[in-house]
Every structure is written in C-alpha cells, then in structure tokens.
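Let's read a structure together, one feature at a time. Have the viewer open and follow along.

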Amino acid sequence: MKTVKIVCCPDSFKESMTAAEASSALAEGVRAVAPNVDVVEVPMADGGEGFAQSLSDALHARVMSVTVAGTQGQKVQADLAVAGERAIIDAASAVGIGQFPPQQRNIRASDTFGLGELILSALDEGAREILVGLGGSGTNDGGAGMLRALGARFYDDGGKPIGTTPAQLASIASIDMGGLDARLKDVSFRVACDVDNPLLGPRGASAIYGPQKGASEEDVAFLDGVLARFAEVSGLSNQQDIPGAGAAGGLGFAFLAFLGASLESGVDLVMETVELREKIRGASFIFTGEGAMDRQTLMGKTLSGISRIAREEGNIPIIAFAGKLGEGVEELYRHGFISLVPIVDKPCTLNDALRDGYANLMNASERVMRLITAVRSL
C-alpha cells in the first residue's frame, strides 16, 4: 500500500460541509485503514457557491470580513480572501440572493454597490489579480452599482446624478467613467462564469434569472429595457451579446465591457488555481463528491472538470461520494467513475443527514478503502 496515492478533491456538501471539511473527512477515512497511503487533499468548487471558500482553503489565504452594502443597501458582512497579490471574492457574499426571503425581494430596488466596495477593499490590500465567483447574485443592474462604488458616475438627461438600482437607471442618459479608481488599471480580473447567456432578450439576464430573484413578468420587461438602455448609453453595446454577459444580472457585462475581465469556466479556473492536474498526476484513485449527484453533474460542474483531467492524466479511476444519488446518475460510469457511493448508511431525517455529514462521509470513505485494500492484496 506504500505506493498508493489517493487524491481527495470533493466539492462542498451544501448545508453540511465545506469542500475543505469534505476533503478532510475523505482523507480521515483513508488513513483509518491505510495510514501509509499518500493522501492529498484538494478542496474544489465551480463558479457558484463555495468558490471563494474552496480557493481560500487550497491557497491558505487570509480571510477577512468587510462591511459592505447588501442588495438593498443594508449593511452586510462579506468575506474577502487574500493570498499574496491575489484576492478572491464571491459576488454572493456581498450581493447574494439569500439576503432576503422571496417575499421581501425587490429587484427594482437592488444593486451591486456592495460588490464594488468589496473590490475596493481588495485594492486596499494590494491585490493585482482578483478572482470573482459570480454565482448566487440577487441583483439585475448590469453591474452598474459595482461600477458606481468603483468611481463611475451616472446622470439623467438633465445632468443630475442618479443611483444604480434598476428603478433609478431607467432615467440614465450618460455615464462618466473618469472617476474610476486609478488602481484598477493595474489589476486583472478573472471571473468564474458557468453560463453563456447574453445580456438581453429571451435568454438574457432579466428573462432567465430575474424570476428567481423576485421579478414578475412585468418586471422582466422593465429590467430588460433598463439593461438595453444602459448598454446603449455606455457605448459598449457590442459587448452585450458575448456569452456570459448576462451572468449574475448582467455583472458579466460590466466586468467584460468596463473592467476588461476574462470570463472563464468556474471549474477550470479553480482547477488551474489549485493546480489540480499536477496534484492528481500519478494518483492511484481520486475520491471526490458533492451533496447530490444526478445526470446534470457533468454539465460544467466540479465533477465534470475532475473527470476530464483524470482521463487526460491516464484514466485515473474516480470514486464519487454523495448524500443523494439522483435520476440518471448512472451516466457518470461512462466518464471514468468506477463507483458512486451514498454516504448515509441508515434511515434518517434530512436534518440528521446534514448534521452528521462529516462522520457519514468519513465512514463511507473508510468502507471503500477497506474494499480497495482487500482487492489489492489478492
């Protein structure tokens, strides 16, 4: 068993474990059976929930709490991670959809100002590269609020300054970018974006994501018109059809058009940053997993990226663990997964499963490791 190398690279188990905790549970199960095995822990994520957490854990980043404006101007605490000259941000940490229950969401009165404040804090910490996860936003302002926090100014046709909620942007006539923070010229933005929606139209930010943020049918038409006017006034409407421009209520557009960002696959950005390819090279097995797996697991999610790299590095066998195995999950067997392991070993409530996730995952990893040990000793 001394020559065996196992890489533990799970995503988070939503509401139960962070990716780092899941990595630790898998590794603990392996070591309980084979203490001499080379175990490598690599917390993973895509561009959604847990993006900053996983990268922070993998890079041993310094994480600080910053007070910023939430979606509707309320004060919230957002996390900023810093590793050298690299900063890591989750948009949802500042302007996430979960800040208000569905009945209290007001999409016309929400903006991304707090995300801009979080970026300013990253600049204050000396960041020269900023990685941003776009998943989970609760806004639809085209990123105007973020730009206003960074120094841009917006005016109506009378030359009066206006705010950047959609209700306020409806009267936009001009934009002045002259006051944009000068430090931004020396910063590169890499934005994790796992959707290809344009800014406008039936597949745009308002139509596709507005309803889940509280937008009515009437709101969707209004929001789409506001974003169209914003793009026109900016003089950068040539950017509105770029895949991903409609991500996070149009934040993709603002990052592309105004900040020169690159929009990248979230899982690819994470895998590159944590050097997953280098860490799994020569592995005997990969242990991965997430809270639930089904036929959509391979659609641009964390496990799809792991599968691709495992195949390219010599068809390393993958064992995936999950709290729930859903419909169509058998499709994973065609992509390098040799076993799909449910971690709950007895009937229990959902609350019990979430509470006991670490122990359940560790025990499941131990059971699998005992089988591997028995087979390899034959």
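**Cavity, strands and an aspartate**

Q: This is a predicted model, so let's start inside it. How many cavities of 30 Å³ or more does the structure hold?
A: A cavity is a spot where a probe fits but cannot get out. Here the structure holds one of 30 Å³ or more, and about 60 Å³ of space lies in the largest cavity.

Q: Which residues line the largest cavity?
A: Look for residues with an atom within 4 Å of a cavity point. In this case the lining includes Thr71, Gln72, Phe100, Arg105, Asn106 and Lys213. Sorted by class, the lining has three nonpolar, six polar and two charged residues.

Q: Moving on to strands: how many bridges join E11 to E12, and which way do they run, parallel or antiparallel?
A: Two strands pair when there are at least two bridges between them. Strand E11 (residues 285-293) and strand E12 (residues 318-325) are joined by seven bridges and run parallel. To find your place, go to alanine 292, which sits opposite lysine 324 in E12.

Q: What joins E12 to E13?
A: Five bridges do, and E12 and E13 (residues 337-342) run parallel. There, alanine 322 faces proline 342 in E13.

Q: Last one: is aspartate 181 buried or exposed?
A: The cut-off for buried is under 20% relative accessible area. Aspartate 181 has 19%, so it counts as buried. You'll find aspartate 181 in the loop between strand E8 (174-176) and strand E9 (188-192).

Q: And what does aspartate 181 touch?
A: Leaving out residues up to four places away in sequence, aspartate 181 touches Leu120, Leu123 and Leu150.

Notes
Residues are numbered from 1 along each chain as its sequence is written. This is a predicted model: local features need pLDDT of at least 70, side-chain atom pairs count only at pLDDT 80 or more; totals for chains, interfaces and linings use all residues. Side-chain values use heavy atoms; hydrogens and water are left out. Helices (H or I, at least four residues) and strands (E, at least two) are DSSP runs, numbered from the N terminus. Buried means under 20% relative accessible area, exposed over 50%, partly exposed in between (1.4 Å probe, protein chains only). Contact means heavy atoms within 4.5 Å. On a 1 Å grid over the protein atoms alone, a cavity is a set of points where a 1.4 Å probe fits but cannot get out, and a pocket is an open set with protein on both sides within 12 Å along at least five of seven lines; lining residues have an atom within 4 Å of a point. Grid points are joined across faces, edges and corners, and a volume is the space filled by probe spheres set on the points. Ala, Val, Leu, Ile, Met, Phe, Trp, Tyr, Cys and Pro count as nonpolar, Asp, Glu, Lys and Arg as charged, and the others, Gly among them, as polar.
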